[in-house]
Amino acid sequence: QANVINLKTFLSAVRLAHQGNDTGVLPLSPLVPAKNSDVEKPKTKMIITSRRDYPLTKSFPFSLEHLQTSYCKLARIDTRVLCLKKLRKLDLSHNHIKQLPATLGDLVCLQELDLHDNHLEAFSGALCSSSLQKSLQFLDLSQNQIQALPIEFCQLRGLVQLRLDDNALLRLPCRIGQLSHLRFLSAARNKLPFLPCDFRKLCLENLDLFGNPFEQPNPLVPNIQLKIPLTLLECAARATVNHSIPYGCHLLPSHLCKDLEVAKTCRCGSACLSSFIQITVTMNLHHVAHTVVLVDNMGGTEAPILCYFCSLDCYSQFLDRHLQSNG
């Protein structure tokens, strides 16, 4: 982009200097500071909203912090995008993406990821264990084909806003209460029959669960998975969780570690693993959110939530209180 005449003069001076000519005869011009208008600033934002504008031969500027490539009919994420280490916002909405590469987690500065209206069927557990754990604050997975999120999803503890609308979700992550920074949650028009027990721990500003086929809770019809007497494995697992005994894959098989990470909590506060009594009870969603979008067209703000008991005694005590309050 240099001036052609100035460039030829400079190259001529370089050639003469290389030949050993005296500096006095070199065609040198006095140094003039570059004007602001002559200096091209690094590009930090690029928005592409059609297939014909998508760069096929040119690279994306490495200085990009915000990239939007929507309506480009992308079937996968471009590997050139995964090299943009300064990206803070990545919008890949309205494409045909079916799978997310694990290397997406290498974008260490990524704060906002918009993937709505694609063909995703899953969100990788590897991504949840990547640098996105600390950086990601906004995630939009709405209008995809996701049926379940992995156990590791709740490691994304920096999330402030999460959109899951219009998927095929049959359940929410069982440890969703670990998302302590989450303030906006939308999971409308899915296939949720109930909410996980851990949902009680959320502290939201806005919650939308409209259009889910929530079951009618019935505490009098329990799902009994209790084994009496308890197996040695169950006793050991309960003791490990209840007493916060350290464990890891260097001490236990990995499948046991995963089981311990998703241990259920009884109303009494004790843990239970595979031996428990399960029921669903009604929870007013205003207990976890300031603003609640109505659950149905009848004006309801209540939804069924799972509840666990570690023993017959705990369930009996709950049942007595429940019958008295409804008596």
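Buried means under 20% relative accessible area, exposed over 50%, and partly exposed in between, with a 1.4 Å probe and protein chains only. At 40% relative accessibility, Arg-189 therefore counts as partly exposed.

A word on the model: it is predicted, so local features need pLDDT of at least 70, side-chain atom pairs count only at pLDDT 80 or more, and totals for chains, interfaces and linings use all residues. Residues are numbered from 1 along each chain as its sequence is written, and side-chain values use heavy atoms, leaving out hydrogens and water.

Now to the overall form. The C-alpha trace spans about 105 × 50 × 30 Å along its principal axes. The protein has a radius of gyration (taken over C-alpha atoms) of 29 Å, while a compact globule of 327 residues would have one near 20 Å, by the rule of 2.2 Å times the number of residues to the power 0.38. Buried residues make up 41% of the 327.

The protein holds six helices and 14 strands, which are DSSP runs (helices H or I, at least four residues; strands E, at least two) numbered from the N terminus.

Some backbone details deserve a look. Most residues other than glycine have a negative phi, and most peptide bonds are trans. Two residues that are not glycine have a positive phi:

| Residue | Phi | Loop |
|---|---|---|
| His-94 | about 60° | between β3 (89-91) and β4 (112-114) |
| Arg-189 | about 55° | between β7 (184-186) and β8 (204-208) |

The peptide bond from Ile-228 to Pro-229 is cis, with omega near -5°, and Pro-229 sits in the loop between β9 (223-224) and α4 (232-242).
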